Amino acid sequence: MSIVERQPPLDATERAAIAELIAHYPTARAAAIDSLKYVQQRRRYVSDGTLHEVAHLLGMSAAELDEVATFYNLIYRKPVGEKVILLCDSISCWITGRDQLAAHIHQRLGIRQGETTADGRFTLLPIVCLGDCDHAPVMMVGDTLHGNVDTAALDAIFKPAESDTP
Amino acid sequence: MSAIPRLPLTRNIRRGAAPFSRAEYEQADGYLAVRDTLGKVEPASLITLIAASGLGGCGGGGFPTGRKWQLMPGKDQRPGPRYLVINADEMEPGTFKDRLLLEGDPHQMIEGIILSAYALQADHAYIFVRGEYLTAIERLNHAIAEAEAAGLIGENILGSGFDLSVQVHGGAGRYICGEETALLNSLEGRRAIPRSKPPFPQVNGLWGCPTIVNNVETICNVPHIVRYGADWYRGLGVNGALGTKIYGVSGRVRNPGTFELPMGTPMRDMIEDHAGGMKEGYRLTAVLPGGASTAFLMAENLDVPMTFADMAKHGTRLGTGTAIVLDDKTCPVGFIANLQQFFARESCGWCAPCRDGLPWVERTLKSIEAGEGRATDLDLLLEMTGNLGPGRTFCALAPGAMASLQSGLQYFGPVFEQHIATKACPWT
């Protein structure tokens with residue numbers, strides 16, 4: 001597993017970045033979501049220790065910040081793989097075959113919704129309508145949006161990393 | 001000088017290409033409305049102009065924008081910060097129109113914000129963009145930087161004495177953020193749970209200050225109305241409607257997409273002429289006219305003009321104006337079950353009917369679809385449409401969810417009964 005369960009304390013860069021985010025709003029807690037997204041971008045997910053530290057910088061209790069963190073589905077409080085696959089399961093993508101794509105991902109990567117591949121490369125999570133319904137079925141892999149996805153496209157996206165190929 | 005447009009919202013949009021830079025936008029007469037207005041026109045007269053244009057909210061409700069603005073107390077009555085918030089949390093299933101406007105012409109969005117904020121005398125504007133719209137966020141931030149560099153945003157804009165800051169706030173998920181008071185809670189760094197109204201945001205909004213929340217498309221109309229006038233805007237519609245609308249359609253049509261058309265264009269024209277009709281081998285059974293929260297419009301009623309009033313006559317709503325087609329190869333029960341899965345997951349959990357009722361509805365529908373339904377299930381579902389309907393919940397999420405269920409039970413009753421009687425889905 002390449003997933004790191006423990007996270008180091010926030011470094012000076014991270015602390016300065018959070019201070020900068022706080023400066024954008026009239027109250028510190030308004031920067032809660034921006035701050036969580038920022039640390040997650042650097043650390044993939046928000047560990048308990050990181051949450052405590054961010055809460056302190058925002059002047060919130062850890063419980064208050066966790067209440068926010070656990071509400072939003074794009075904040076990850078558990079380890080995720082290098083890239084998160086968000087496969088839309090709303091209506092236009094359902095009509096155009098997203099269930100078959102989910103089955104193909106399971107066959108290809110061995111993961112179902114909520115699971116991470118053994119090599120730590122991908123985590124599959126459900127997502128509501130991604131607002132690109134004229135290209136359904138749609139998914140995001142990391143920061144990249146993919147439209148008109150079919151099984152061939154999935155195979156291209158999920159081909160093994162170079163080092164893994166025999 | 002450019003010709004007076006008939007389809008103003010998309011006139012600068014070149015699909016698949018980069019959006020206009022600030023210089024290109026200005027070459028196309030962009031920001032002229034700002035230059036002709038700030039410090040030269042009374043802010044209050046802009047509110048009167050928008051009211052006279054009849055512009056309605058394009059997020060789904062259609063509430064008159066001018067009237068919403070008039071409910072904000074004046075700066076003399078309520079000194080202190082005032083906010084304009086753009087609702088770009090586009091997450092209604094089947095809706096992809098604001099993405100087009102944000103990615104396709106970010107300066108139009110910014111110009112609309114500057115003019116609207118000036119009218120409302122708001123000194124801060126936030127654009128609340130759903131977190132997944134990364135391209136939109138990037139392009140908006142770039143456009144804001146360009147506008148700041150040109151003195152169109154900031155302190156004492158163009159020497160008018162008007163100050164404005166514009167900030168993009170990227171969300172972190174959850175459909176409920178599109179509910180305007182839940183959106184305000186989210187912006188304040190809280191769980192996105194709707195607030196009780198009154199007080200309305202116009203009076204007590206963001207951090208307790210006067211706040212107007214408007215949809216992307218609504219505000220994108222403002223520069224054009226300021227430039228060409230209320231009468232011009234009213235004259236753009238057909239079949240008694242006014243303005244234009246970014247309509248759209250998805251599902252098994254030949255060319256799914258978004259189309260700016262005169263408000264009041266019949267649904268059939270959009271589907272058959274603009275979207276190219278159904279794909280080979282599929283027939284249209286029904287449509288949801290404007291997202292997952294709207295009731296079915298059956299195939300025989302496709303000639304209805306796409307307006308708020310005409311859709312209401314057929315027991316449904318225009319909603320976001322982006323239609324989803326139910327075709328004859330798709331099971332209506334499975335279709336409705338998918339919609340209910342969405343609403344059950346996206347309930348914020350604040351009030352019991354929604355939090356507990358929607359998962360019950362979802363499981364009941366999925367069991368019927370799987371051939372495990374019971375004869376009593378249909379009465380139960382019908383009862384739920386009342387228990388989760390308007391007036392029973394804190395916000396409009398659950399009543400919106402019930403629109404497809406209630407109309408589905410009405411129009412597809414025999415299909416539900418067949419599932420239960422034969423213990424199987426006829427479509428699988």
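**Domains, overall form and chain contact in the predicted model**

Eleven residues of domain 2 of chain B are in contact with eleven residues of domain 3 of chain B, where two residues are in contact if their C-beta atoms, placed from the backbone, lie within 7 Å. On the side of domain 2 of chain B that touches domain 3 of chain B, seven residues are nonpolar, four are polar and none is charged; here Ala, Val, Leu, Ile, Met, Phe, Trp, Tyr, Cys and Pro count as nonpolar, Asp, Glu, Lys and Arg as charged, and the others, Gly among them, as polar. The C-alpha centres of these two domains of chain B are 23 Å apart. The domain assignment of chain B gives domain 1 (8-234), domain 2 (244-327) and domain 3 (332-422), with bounds that come from an automatic or database domain assignment.

The model is predicted, so that local features need pLDDT of at least 70 and side-chain atom pairs count only at pLDDT 80 or more, whereas totals for chains, interfaces and linings use all residues. Residues are numbered from 1 along each chain as its sequence is written, and chains are lettered from A and ligands numbered from 1 in the order in which they are written.

Chain B contains 18 helices and nine strands, which are DSSP runs numbered from the N terminus (helices: H or I, at least four residues; strands: E, at least two). The C-alpha trace of chain B spans about 75 × 45 × 35 Å along its principal axes. For 428 residues, a compact globule would have a radius of gyration near 22 Å, and the 22 Å of chain B agrees with this; the radius is taken over C-alpha atoms, and the globule rule is 2.2 Å times the number of residues to the power 0.38. Of the 428 residues of chain B, 56% count as buried, a residue being buried if 20 or more other C-beta atoms, placed from the backbone, lie within 10 Å of its own, exposed if 12 or fewer, and partly exposed in between.

One such residue is B:E90, which counts as buried because it has 30 C-beta neighbours inside 10 Å. B:E90 lies in the loop between β1 (83-88) and α5 (97-104) of chain B. Leaving aside neighbours within four places in sequence, B:E90 is in contact with A:G131, B:T95, B:D98, B:R99 and B:R130.

Between the two chains, the contact takes 31 residues from chain A and 38 residues from chain B. On the side of chain A that touches chain B, the largest share, four residues, comes from α5(A).
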